[in-house]
Structure formats: structure tokens, C-alpha cells
Amino acid sequence: MHAAVGTTLTDERVVVTDGYSSVGLATARAIADQGGEVLITGRPDESPEELSSTREDTESGSLDRTRIDEQTLESTDEAAVKAFFDETEFDHLVCAGSARPTGGVTETDTETFRAIIDSVFWRSYYAAKHGVERLGKGSSVTFITGTTAERPAVQFAATGIGNAALETLMKYLAVETGPVRVNAVSPGRVDTIGLADDTRQTVARALPADRIGEPEDVADTVLFAVLNPHTTGTVIRVDGGDLLV
Ligand SMILES: NC(=O)c1ccc[n+]([C@@H]2O[C@H](COP(=O)([O-])OP(=O)(O)OC[C@H]3O[C@@H](n4cnc5c(N)ncnc54)[C@H](OP(=O)(O)O)[C@@H]3O)[C@@H](O)[C@H]2O)c1
């Protein structure tokens, strides 16, 4: 997949919310590699200095600090999210989100189930709602969701329901806020924790692509959604063919 000829992110500023994860960081790197400037927001549990060095050590590759900046933002706090966007200049928004397993529908208590759905949906909703108001023609919003929205995965019911809600939100926003483009990137199985080789092989064998997804695969797809001027209102899957088997 390639972005439209001639489109680059030179001099464009991209906010990546909930971006302190392997997927978020890979996305930040991909944007910086395209000449863009990135502002990662999220919830570091260490001081920013510690977080920078810790994450750089543990994630693959280092961050280009001349192009990638970071800011603490609790994305469940709507007032804080609104205040952040009121004072931030940017051209594109990527809502990286997060995913946590819970349990099956009947075996999980309602409060836990509700909390996961809330976490998956409202954090990206707040960012998109208050972020999109600052955007215009040539800009974009990209949600990262997941194939759990389309096919049940063991332990991921609440996350899947939250992701499905986000994909529906994406379609409404694409219509309401055009010409700002709004899309969702839907990964399948991604190795974000460095799985053991035998586990990776088992997962890979089950997929038509014969490999497990890497954070960089998701980042490439986000880049396409950000750069392609004719892509809006759609879910772009990057799942190695997972939904076909
Ligand atoms: N990993 C996969 O296999 C996979 C598969 C399909 C789709 N995806 C999608 O890819 C995206 C990224 O997944 P991931 O596994 O890399 O994410 P993740 O590790 O679960 O979380 C991403 C980041 O979000 C932060 N976060 C969580 N709650 C927050 C809050 N209230 N305020 C601010 N930051 C908060 C997390 O911080 P903390 O560490 O402090 O919680 C973490 O830094 C998600 O949208 C997920 O649905 C992932």
C-alpha cells in the first residue's frame, strides 16, 4: 500500500493519543520517518525523563527526539483532553487506544465489562470530538481498533464491542466533519510483547500471511490512512488474512 504520489508529512504535525505503546511508538516513528512532527500523549507512570529512556531501551529502535515530543494526558478526563486540544496546533490525529482482555460476557462482572468498553470507546471519542474541531481540509483522524470488532476473540468481548462502537463513530464523523478524513485501522494479532518463537510460529501458521503482525505493520497502515487524500469513512484491516480463516 502506498500513499498518493507526492504526499508527504513534511511540516505536518501529528498528535498520537495513548501513544506510549509499541503500536503508538511505531506509528510515531513512521510519521517522523516521513518528515512529520509527532506529539505523543498518554499516561506515563514514570517521570517523562525516565519514561523516555525506559521505553527507548525496551522498544525496537530509538526515537528521533528532534521530531517526536511527548506530553502527559489522561485520556479518560474529557476536560483535560479538551484543554489539550484547545491549546495545540496540529494537522492529523491518531487515536492509538489500548486493548485489554477481560473475559467472556457471562463470566465477567458488569462493572468490569462496562469499564473496559468505556475505556476503549470514550478515550478515543473525547480525543476525536475535541480534536476534530481544530482540523480542516487536508487533515485526518485515524482510530486504531481491531478485528475483535468483527469476529469474537476469546477474552476480548468488551474490547471488541468498544472497537465496534469506535468504527461506527468513525463513519458518522467522516460524514459530519468532512473534508476532514476519518478512518479506522484494524489490526489482527500483533506481537506487542515479544512472544516466544514457538508461540509466534503457532500464531503465524494459523494465518494466510504465515506471519504474526508487528507494530510496524500497523504503523504503515496508519500512515496510508493519514496520507491518502481519497480515503475516508473506511476500516482498513491489517490482519494477515485472519478474518478469512
Ligand atoms: N496488541 C494487539 O495484539 C492488538 C491487536 C489488535 C488491535 N490492537 C489495537 O492497537 C492499539 C494499541 O494496542 P496496544 O496493545 O499497543 O495498546 P496498550 O498497550 O493496551 O495501550 C496503549 C497505551 O494506552 C495507554 N493508556 C491506557 N489507558 C489510558 C488512559 N486512560 N489515559 C492515557 N493513556 C492510556 C496505555 O498506558 P498504560 O500502559 O499506562 O495502561 C498504553 O501506553 C489499540 O487500539 C488496540 O485495540 C492491538
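Modeller: Let's begin with E37, which lies in strand 2, residues 37-42. Keep in mind that this is a predicted model.

Biologist: Is E37 buried or exposed?
Modeller: E37 counts as buried, because it has 20 C-beta neighbours inside 10 Å and the cut-off for buried is 20 or more.

Biologist: What does E37 touch, leaving out residues up to four places away in sequence?
Modeller: With those left out, E37 touches R13 and R67.

Biologist: Where is V38?
Modeller: V38 is in strand 2 as well. V38 counts as buried because it has 28 C-beta neighbours inside 10 Å.

Biologist: Which residues is V38 in contact with?
Modeller: Setting aside neighbours within four places in sequence, the contacts of V38 are V14, V16, A28, I31, A32, R67, I68 and D69.

Biologist: Why does the span of helix 1 agree with what it should be?
Modeller: At 1.5 Å a residue, its twelve residues should span 16 Å, and the end C-alpha atoms of helix 1 are 16 Å apart, so the two agree.

Biologist: What follows helix 1?
Modeller: G35, which has a positive phi near 90 degrees.

Biologist: Which residues come nearest to the ligand?
Modeller: S21, R43, G97, S98 and G146 come nearest, out of 24 residues around the ligand. Helix 1, residues 22-33, gives the most to that shell, with three residues.

Biologist: How many residues of that shell are nonpolar, polar and charged?
Modeller: The shell around the ligand has seven nonpolar, ten polar and seven charged residues.

Biologist: G146 was on your list. Which residues does T159 touch?
Modeller: T159 touches A99, R100, I116, V120, G146 and T148, not counting residues up to four places away in sequence. T159 lies in helix 5, and T159 is buried, with 25 other C-beta atoms within 10 Å. The C-alpha atoms of T159 and A204 are separated by 23 Å, with the two residues 45 apart along the chain.

Biologist: New topic, helix packing. At what angle do helix 3 and helix 4 pack?
Modeller: Helix 3, residues 78-86, and helix 4, residues 110-132, pack at about 30 degrees, with their axes 9 Å apart. The crossing is right-handed.

Biologist: Which residues meet there?
Modeller: From helix 3, E78, V81, K82 and F85 meet Y126, A127, H130 and G131 of helix 4. By class, the residues of this contact are four nonpolar, two polar and two charged.

Biologist: Which loop is Q155 in?
Modeller: Q155 lies in the loop between strand 5, residues 140-144, and helix 5. Q155 is not a glycine, yet its phi is positive, about 80 degrees. Q155 is partly exposed, with 16 other C-beta atoms within 10 Å.

Biologist: And D210, what is its phi?
Modeller: Near 60 degrees, a positive value, and D210 is a residue other than glycine. D210 is found in the loop between helix 6, residues 197-205, and helix 7, residues 215-227. D210 is exposed, with 11 other C-beta atoms within 10 Å.

Biologist: Last one. Where is R65, and is R65 buried or exposed?
Modeller: R65 is in the loop between helix 2, residues 48-58, and strand 3, residues 68-72. R65 counts as exposed, with 11 C-beta neighbours inside 10 Å. From R65 to A32 is 9.5 Å in space, C-alpha to C-alpha, and 33 residues in sequence.

Methods: Residues are numbered from 1 along each chain as its sequence is written. This is a predicted model: local features need pLDDT of at least 70, side-chain atom pairs count only at pLDDT 80 or more; totals for chains, interfaces and linings use all residues. Helices (H or I, at least four residues) and strands (E, at least two) are DSSP runs, numbered from the N terminus. A residue is buried if 20 or more other C-beta atoms lie within 10 Å of its own, exposed if 12 or fewer, and partly exposed in between; C-beta atoms are placed from the backbone. A residue is near a molecule or strand if its C-beta atom, placed from the backbone, lies within 6 Å of it. Ala, Val, Leu, Ile, Met, Phe, Trp, Tyr, Cys and Pro count as nonpolar, Asp, Glu, Lys and Arg as charged, and the others, Gly among them, as polar. The expected span of a helix is 1.5 Å times one less than its number of residues. Axes are lines fitted to C-alpha atoms, for helices over the stretch in contact, and angles run from 0 to 180 degrees between N-to-C directions. A crossing is left-handed if the near helix is turned anticlockwise from the far one by less than a right angle, and right-handed if clockwise. Two residues are in contact if their C-beta atoms, placed from the backbone, lie within 7 Å.
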